[in-house]
Amino acid sequence: MSRLELRAIRKTYGKAERETLKGIDIDINSGEFLILVGPSGCGKSTLMNAIAGLEDISQGAIVIDGTDVTTLEPRDRDIAMVFQSYALYPTMTVRENIAFGLRIRRQPKEEIDQEVQRVAKLLQIEPLLDRKPSQLSGGQQQRVAMGRALARRPKIYLFDEPLSNLDAKLRVEMRTEIKRLHRRLRTTIVYVTHDQIEAMTLADRIAVMKDGELQQLGTPKEVYETPANLFVASFIGSPAMNFIPVTVQKGDRGLHAMVKSDSGETIDLPLPLALSAYENKEIILGVRPEHITQIQAHKEGQPLVARGRLTIEVTEPTGPDVIALVNINGIPVHCRIDPDHPVDPGDVAELMFDMSKTSYFDPATEQRITL
Amino acid sequence: MSTQIGVLSVPAKRPASRVINLIQAWLPKLVLAPSLALVLVGVYGYMIWTAVLSFTNSSFMPSFRFVGFAQYARLIANDRWHTACINLVIFGVLFIGVCLALGIFLAIFLDQKIRQEGFIRTVYLYPMALSLIVTGTVWRWILNPGLGLEKLMHDWGWTSFHFDWLVRSHLSVYTLVIAAVWQSSGFVMALFLAGLRGIDPSIIKAARVDGARLPTIYLRIILPCMRPVFFSAIMILAHLSIKSFDLVKVMTAGGPGYSSDLPALFMYDMSFTRGQLGLGAASAIMMLGAILALLVPYLYSELRSKRHD
Amino acid sequence: MTEMVRKPFSFNRVLIYTVLLTAAAVYLVPLVVMLLTSFKTLGDISSGNLMALPTHWTMHAWHKAWSTACTGVSCEGVHHFFWNSFKMAIPAVLISTGIGAFNGYVFSKWRFRGSDLIFSMMLFGCFIPFQVILLPMAATLGKMGLANTTAGLVVVHVTYGVAFTTLFFRNYYVGVPDALVKAARLDGAGFFTIFFRIMLPMSVPIFMVCIIWQFTQIWNDFLFGVVFASGDSQPITVGLNNLVNTGTGVKEYNVNMAAALIAALPTLVVYVLAGKYFIRGLTAGSVKG
């Protein structure tokens with residue numbers, strides 16, 4: 001269990017003009033599960049490799065438990081990594097795979113055997129120990145890859161999209177398994193994924209990256225409910241947050257914005273008073289689909305709740321709810337509706353807007369407007 | 001976004017591991033060094049050396065009296081070189097053409113879910129495992145004007161059959177083509193077969209669903225897909241023809257006279273039996289030039305297409 | 001046949017098989033001729049024809065080719081040449097393959113700035129016509145005292161074989177996931193440990209391809225043999241050529257064929273036993289990546 005500090009890490013490849021990492025600062029606490037998410041090419045894998053020591057960085061420092069390891073070779077950093085492709089040594093048995101790191105470090109044989117047994121038990125792969133990786137299923141290979149990492153009891157664990165090669169069902173199982181392991185062992189984990197569900201479910205904190213920059217660092221709840229900018233808001237959540245550009249206006253009952261449904265009806269959306277600095281200016285409303293939904297009696301009459309009649313264009317039942325597509329100001333908007341309130345394409349439905357959960361963004365800076 | 005730069009902590013100093021790390025960092029380069037040296041000297045250095053020789057009047061021993069392009073002038077005026085070059089063109093064009101035609105033909109036939117495909121392929125390819133000296137020896141016997149093919153045909157009842165190309169000065173170069181095609185066409189077949197197997201079967205399915213017949217599918221869809229195979233096969237065969245030495249040495253030794261001479265044999269004779277090092281070097285450089293003239297456009301187009309991908 | 005639905009008898013299928021089998025027969029003719037001729041007496045040769053069976057099967061030509069036929073000045077058959085070829089080929093194959101394996105490992109898994117350039121430079125060595133290096137190489141071997149020695153031939157074959165072996169291994173190792181090397185580095189393994197413990201155990205197929213390719217190339221080489229060797233270091237190809245072109249009296253085609261078969265035997269045996277790898281080498285060496 002160790003603390004990992006990333007200090008102003010910059011990375012430029014060769015003579016390339018573009019920086020791959022543009023000054024990343026993250027402190028990862030001992031025992032914390034940190035997830036790096038971002039679209040491909042955002043630099044998350046480069047950052048991961050930099051932490052492991054597999055790639056040099058151009059500037060900055062990587063500090064583990066107060067020791068600067070920036071210039072150390074991977075083997076001297078005491079880090080283990082689980083790879084997307086598992087990277088099991090194909091010519092070795094499962095046992096040899098798990099023991100390899102310990103053998104290289106010249107541990108006594110009995111200790112290695114004990115450790116292999118411990119890890120195999122932990123991951124329930126004891127019956128597989130004498131098999132070759134090619135004889136294992138994807139899920140089993142995944143477990144062995146984790147076993148190899150666990151065997152060395154390193155200070156830091158790195159997971160590089162470890163579940164992306166598994167089928168959907170197995171992925172959910174392994175996700176739970178990883179979470180259980182982390183609960184139990186309380187290890188420091190840095191985990192790269194592009195799957196936002198994985199990020200939301202596993203992380204203590206999420207670091208959202210884009211173009212080599214850290215966009216937001218926070219708990220899953222913070223990142224979901226108070227995204228720092230348009231990018232984070234659109235990246236986290238599925239279906240994505242709806243963005244509706246509106247002009248803030250002053251009315252008799254406070255601030256509000258007028259939007260039009262595609263049938264031409266006007267909907268009056270109340271806005272919080274804190275937006276008064278934006279009066280007569282344009283802002284972007286960020287509304288999650290679940291906050292445009294069927295009429296809920298218990299919310300009726302609350303200050304930041306509005307109603308509007310909207311034509312349903314398309315419905316996508318997902319099981320637990322129905323995603324309905326409507327048009328507001330000519331922009332397609334997703335709403336999340338309870339399947340017990342059936343709506344059909346072509347219906348005009350009365351929907352409720354919960355503006356108290358809405359995010360507001362400045363269209364110029366694309367940053368969140370803090371209230 | 002936080003942009004504050006933390007205070008750098010003291011780097012962990014481990015002198016022993018530092019040295020090891022340094023060695024580790026240099027290891028890949030150290031491992032390559034001997035090969036790089038071999039290549040720098042053995043390929044590039046020697047190429048330059050030969051080029052230098054070609055500008056001297058070296059005869060039996062290398063000398064360093066530079067005579068400019070005199071050796072090249074001699075070469076171009078040399079009748080035997082002239083014959084060798086014309087022969088190379090005849091040999092090269094026929095060899096490449098026949099090999100490609102046979103190779104494609106056999107590959108397409110062999111790609112029809114043939115039983116015993118492995119065995120048949122093995123038969124087509126075994127000549128590639130032989131030395132060209134062996135090939136030359138056997139074909140010299142088969143094409144023997146008195147006792148070879150001619151006699152066989154006579155015995156089998158075709159009494160008017162006449163085949164004495166091996167000893168006819170304007171025909172002996174064609175015997176080289178026969179032997180070389182036997183040696184290499186199976187290899188071209190293997191290249192095309194590999195190419196055919198690399199084509200996405202769903203393309204063929206799509207074409208069949210579109211109503212195309214098999215010959216149309218091959219002509220209009222599959223062969224155009226094999227452009228890269230064509231190019232690499234032509235490159236390899238052209239390269240083989242320019243370097244061709246063994247076969248002509250053992251089959252005809254350039255004869256009768258020097259009627260079936262090829263540049264590689266010319267170079268060898270001049271350099272190692274006639275004591276004309278300068279002339280030999282000049283002919284070697286001309287051969288290199290010919291290969292570069294093929295190679296450079298090929299590599300250029302390869303690199304360009306890769307960049308476009 | 002496991003195919004469930006067999007297309008009914010079709011003219012096309014018959015045509016295809018006829019063409020393929022005829023072609024196969026034609027390809028086999030020279031080998032059959034070689035074999036038949038090598039077991040004939042000179043009398044049989046002049047009275048019969050290429051495809052006629054010997055009236056009297058005899059090993060005489062084989063004996064003569066092996067131990068008494070004239071190859072230029074000496075008349076001791078080709079057996080010296082045959083062993084020379086082994087003495088040359090085995091070390092040259094092993095050394096060039098070993099170097100190629102390390103080079104390929106560096107070019108694929110330990111790339112550094114400039115390594116791609118070096119690789120291209122080495123690759124160019126596959127393309128040059130060797131005529132362009134013969135004269136300087138002869139001079140260098142002379143200076144090093146290696147002229148006309150088997151060691152000299154080994155040096156030459158290693159120098160010009162490394163480009164191919166490097167290409168083989170590099171292309172093979174490029175297909176090995178980088179993550180394996182990363183994992184091993186995190187496990188604490190260094191350059192050589194990763195090579196010997198991780199890469200080498202999974203390299204058996206490419207070693208086969210490379211060794212077979214190199215052996216065939218080196219065994220079958222004639223140019224280097226005829227230029228850089230003399231007398232007691234000449235390889236079998238040179239011996240065969242000398243035997244065939246030693247024109248004294250009547251041509252003994254049966255001896256020529258027996259000698260040709262002796263020269264062909266090792267590579268043919270390798271081809272029959274491991275043709276799969278040989279073909280892979282052929283196509284890998286030509287479709288450069």
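Before I start on the sheet, a reminder to myself: two strands pair if DSSP finds at least two bridges between them. I am also keeping in mind that this is a predicted model.

**Entry: a sheet in chain A**

I looked up an open sheet in chain A and found 4 strands in the order β2-β1-β4-β5, with antiparallel pairing. Which strands stand at the edges? They are β2 (19-28) and β5 (67-68) of chain A, and each has a single partner strand, so one side of each is left without a neighbour in the sheet. I then followed one pairing inside this sheet. Strand β1 (residues 4-12) of chain A runs antiparallel to strand β4 (residues 59-64) of chain A, and 5 bridges link the two. As a landmark I noted A:R7, which has A:A61 of β4(A) opposite.

**Entry: a parallel pair in chain A**

Next I turned to β6(A), which pairs with strand β7 (residues 156-160) of chain A in the parallel sense, over 4 bridges. For A:V82 I looked up the bridge partner in β7(A), and it is A:F159. Are the residues of strand β6 (residues 79-82) of chain A buried or exposed? I found A:I79 and A:M81 buried on one side, and A:A80 and A:V82 buried on the other, so both faces of the strand are covered.

**Entry: chain A as a whole**

I stepped back to take in the whole chain. Chain A has 8 helices and 22 strands. Along the principal axes, its C-alpha atoms fill a box of roughly 80 × 45 × 35 Å. Of its 371 residues, 42% count as buried. I also checked how contacts in chain A span the sequence: among those between residues at least 6 apart, 66% join residues at least 24 apart.

**Entry: two domains in chain B**

On to chain B, where the domain assignment gives domain 1 (15-54) and domain 2 (70-308). How many Å separate the centres of these two domains of chain B? Taken over C-alpha atoms, the answer is 36 Å. I find 5 residues of domain 1 of chain B in contact with 8 residues of domain 2 of chain B. On the domain 1 side of that contact, I noted 3 nonpolar residues, 2 polar and no charged.

**Entry: where chain B touches chain C**

Here 77 residues of chain B are in contact with 70 residues of chain C. Which element gives the largest share of the chain B side? It is helix α1 (residues 15-54) of chain B, with 17 residues. By class, I wrote down 57 nonpolar, 14 polar and 6 charged residues for the side of chain B that touches chain C.

**Entry: where chain C touches chain A**

For this pair of chains, I find 14 residues of chain C in contact with 17 residues of chain A. On the chain C side, α8 (178-186) and α9 (191-199) each supply at least two residues. The largest share, 6 residues, comes from α8(C). The chain C side has 9 nonpolar, 2 polar and 3 charged residues.

**Entry: a helix pair in chain C**

Last, I looked at how helix α4 (residues 79-109) of chain C packs with helix α12 (residues 236-245) of chain C: the angle is about 155° and the axes are 7 Å apart. Angles over 145 degrees count as roughly antiparallel, and α4(C) and α12(C) are therefore roughly antiparallel to each other. From α4(C), the contact is made by C:F81, C:F82 and C:S85, and from α12(C) by C:I236, C:V238 and C:G239. These residues divide into 4 nonpolar, 2 polar and no charged.

Notes: Residues numbered from 1 in each chain as written. Chains lettered and ligands numbered in written order. Predicted model: local features only at pLDDT ≥ 70, side-chain atom pairs only at ≥ 80, totals over all residues. Contact = placed C-beta atoms within 7 Å. Nonpolar A, V, L, I, M, F, W, Y, C, P; charged D, E, K, R; others polar. Buried ≥ 20, exposed ≤ 12 C-beta atoms within 10 Å, placed from the backbone. Domains from an automatic or database assignment. Axes fitted to C-alpha atoms, helices over the stretch in contact; angles between N-to-C directions. Parallel < 35°, antiparallel > 145°, perpendicular 65-115°, else oblique.
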